[in-house]
Amino acid sequence: MFRAKEEGSRRLFLQQVSMGVLGTWGLGGLTIPELPQGTCDLPPHGAATPFRRDCRPIRPRQAADRLTPAEVTQLKAAYQAMRALDTSDPSDPRGFIQQANVHCHNCATSDPALQMHFSWRFFAWHRAYLYFHERILGKLVGNENFRLPYWGWDSTGFRTLPAPYVSPNDATNPLFNPTRVLTPGTSLPDADVGPTVINDVLTLGSFDDFGGTATGSGTPEGTPHGSVHVDVGGDMGFFSSAARDPVFYQHHATVDKLWSDWNKASPIHTNPTATAFRDLTFTFFDENKAWRSITAAQVLDHENSLRYVYEPFRFWERFLCLIWRSFPTDWRVTRRIVIPRTNPGLLRAVSGDAPVRLQLRGLEVPRDRSTNYRIYANEAGAQADAGPKSPAYLGSVGVVLNDPANKNPLRGSLNVVLSLGPEVRATLARGEAIQPYVVSRAGKEGEKRVIPLRATDVAVSVGEMDREK
Ligand code: C2O
């Protein structure tokens, strides 16, 4: 039963190993050295010097599909120059493979001390990583006003791979990656980035739920973040190789925009004030190859500190405003329940029209493949696996492995908050318990697994009824 999948991943692994053995693959006249998995050590460096105040003009990051032709040309020139460093000086930390190794080094490890996922480091570290990456690209094209574009899958208009990344869809395009599974023109599914997913995430009431804690992830780290990694597939499907696809940076700029939007959405959407968070220190090579340290506190105000804003996208801004007006944005846990026992506390909590969310800490799912788990309120719903249109559908969680061979198994706690739809709430209101199941599929039409949902800590979270009238 597991055979087809294992062979699939072995094939992928062999393909990546053989690219390493072959050593090079061509790209528009460039020869790009391809390193085997696992060799993602960073070039040597001395002690880090602290991040210096950035006084460049504040410029917008724009949706990649809205760039002007001249901006697309510059973006491609920047990545072309970055890739050229891979051959002209493979030890230059600003080269494309070296930049990808930064992610591999910090994010594809089982060592919790180094791992930048599964905790409140996730948003801050990736913001800092993109910032230094963006400054390097700007330096390579001699333009301090250069800012990374973002993919924009949070908006319904930008659900396919951004045009510059797929046109042309071959190795003459420095933004191309040959391993993607998502084909140009194919939309990311609703279950992973649809308006419900985005709204649910943007209305999470605490940083714990949104951005994670010292020891566990926030909700969006699984979906949409992990889900999009899985959907793009190929290099993007594993943390060790994800940043070898240039679209990684567009994906993460969108994740970063989500954080920025969440902060703006409500006065209660504040970042942690704990010193343990603010003093988190990350290190990167800067645009002059200097080894720099930057703290979480220094990345919180991206506009003033890192000199970029997200392009105001009028329709979306208005849409967000309407959402804030009509949905409660403050959530508090009123009861703790254990699935699957019927719990009168839960039933009381869900009677009335208060929106209800299920808070799962320490979600236990198999970590043997990169996949999107779909969660349903009952086994029949899970067997049918009809996605968001199923009345039993509760949500998705994307799980991304460290590496294709699972050499460095994932460690770290996955926390998610799921909204309960009207049918599920009606079930609970009738006094019936729910027993959620999770479904995973290997690949598009692959083998399906249906397993009971387990988590170390399950709570019900009820939205406060403070919506504006
Ligand atoms: Cu560090 Cu999207 O991964």
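# Notebook: strands, salt bridges and a helix pair

I began at strand E6 and looked up which residue there is the bridge partner of Pro50, and I found Ser293. The model is a predicted one, in which local features need pLDDT of at least 70, side-chain atom pairs count only at pLDDT 80 or more, and totals for chains, interfaces and linings use all residues. I note that residues are numbered from 1 along each chain as its sequence is written, and that side-chain values use heavy atoms, with hydrogens and water left out. For the names, helices (H or I, at least four residues) and strands (E, at least two) are DSSP runs numbered from the N terminus.

**Entry 1: the sheet around E6**

Strands of a sheet pair through backbone hydrogen bonds, either parallel or antiparallel. Two bridges join E3 to E6, and these strands run parallel, while five bridges join E5 to E6, which run antiparallel. The three strands make an open sheet with mixed pairing, in the order E3-E6-E5. E3 and E5 stand at the edges with a single partner strand each, so one side of each is left without a neighbour in the sheet.

E5 and E6 also form a hairpin with five residues between them, and in its turn I found Lys289 with a positive phi of about 70°. I then checked burial, where buried means under 20% relative accessible area, exposed over 50%, and partly exposed in between (1.4 Å probe, protein chains only). Five of the five residues of E6 are buried, so the strand is largely enclosed by the rest of the structure. Trp291, Ser293 and Thr295 point one way from E6, and Arg292 and Ile294 point the other way.

Helix H4 lies across E5 and E6, and I read its direction as about 20° to E5. For such values, axes are lines fitted to C-alpha atoms, for helices over the stretch in contact, and angles run from 0 to 180 degrees between N-to-C directions. Next I looked at salt bridges, each of which is a side-chain nitrogen of Lys or Arg within 4 Å of a carboxyl oxygen of Asp or Glu.

Which residue forms a salt bridge with Asp54? I found Arg135, with the closest N and O atoms 3.5 Å apart. Asp54 lies in the loop between strand E3 (49-50) and strand E4 (59-61) and Arg135 in helix H4 (residues 121-140), so the pair ties together parts that are 81 residues apart in sequence. Glu287 forms a salt bridge with Arg135 too, here with the closest N and O atoms 3.3 Å apart. Glu287 sits in the loop between strand E5 (281-285) and strand E6 (291-295), so its pairing with Arg135 in H4 ties together parts that are 152 residues apart in sequence. Asp54 is buried, with a relative accessible area of 3%, and Glu287 is buried at 11%. Salt bridges that share partners join Asp54, Arg56, Arg135 and Glu287 into one network.

**Entry 2: a second sheet**

I then turned to an open sheet of four strands, with antiparallel pairing and the order E11-E10-E13-E14. Its edge strands are E11 (393-399) and E14, each pairing on one side only, and the twist averages 25° from one strand to the next. Three bridges join E10 to E13, and Arg374 stands opposite Val439 in E13.

**Entry 3: helices H2 and H3**

Two packed helices are described by the angle between their axes and the distance between the axes. For helix H2 (residues 69-88) and helix H3 (residues 96-107) I noted an angle of about 90°, with the axes 6 Å apart. H2 and H3 are therefore roughly perpendicular to each other, a label for angles of 65 to 115 degrees, whereas those under 35 count as roughly parallel, those over 145 as roughly antiparallel and the rest as oblique. The contact (heavy atoms within 4.5 Å) is made by Tyr79, Met82, Arg83 and Asp86 of H2 and Phe96, Ile97, Gln98 and Gln99 of H3.

Definitions and conventions:
Pairing = 2+ DSSP bridges.
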